[in-house]
Amino acid sequence: SMFNERGWARCAICRNDVYSSNLFKVPVADKPNSSKQVTNFKHSSKTKHLLHELTDLDKKDPSAKSVVFSQWTHMLDLIETPLKGSGIKYV
């Protein structure tokens, strides 16, 4: 756990005290059509580059982890298919 025995830690950004009692879980929205896999996905130059970078990182350091952000959650849904196809694990 990131918290010490007293139930607090320091924020990595602002260094203020963070107490476990002040945290809450954010509900995650269900994906509409999550059972449908995207089969007609066509790579853009950005998705090709993303997959290239992720596979290169995995070759260099298999224990490395990455976080991929997108302003559009639909893009994250779309990228699942090429990630699976490349054998890249994701959550």
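Buried residues are those under 20% relative accessible area, exposed ones are over 50%, and partly exposed ones lie in between (1.4 Å probe, protein chains only). The model is predicted: local features need pLDDT of at least 70, side-chain atom pairs count only at pLDDT 80 or more, and totals for chains, interfaces and linings use all residues. Residues are numbered from 1 along each chain as its sequence is written, and side-chain values use heavy atoms, with hydrogens and water left out.

**View A. Helix H2 and its buried residues.** Helices are DSSP runs (H or I, at least four residues), numbered from the N terminus. In H2, the buried residues are Leu78, Ile79, Glu80, Pro82 and Leu83. They pack against H1. Just after H2, Gly87 has a positive phi of about 75°.

**View B. The largest nonpolar core.** Such a core is a set of buried Ala, Val, Leu, Ile, Met, Phe, Trp, Tyr and Cys residues joined through side-chain atoms within 4.5 Å. Leu51, Leu54, Ile79, Leu83 and Ile88 make up the largest one, with 5 residues. Helix H1 (45–60) and helix H2 (73–85) each supply at least two of its residues. Leaving aside residues up to four places away in sequence, Ile88 touches Leu51, Leu54, Thr55 and Leu83 (contact: heavy atoms within 4.5 Å).

**View C. Cys11 and Cys14.** A search of the whole structure finds 0 disulfides (pairs of cysteine sulfur atoms within 2.5 Å). For Cys11, the nearest cysteine sulfur is that of Cys14, 3.6 Å away. Cys14 counts as partly exposed because its relative accessibility is 44%.
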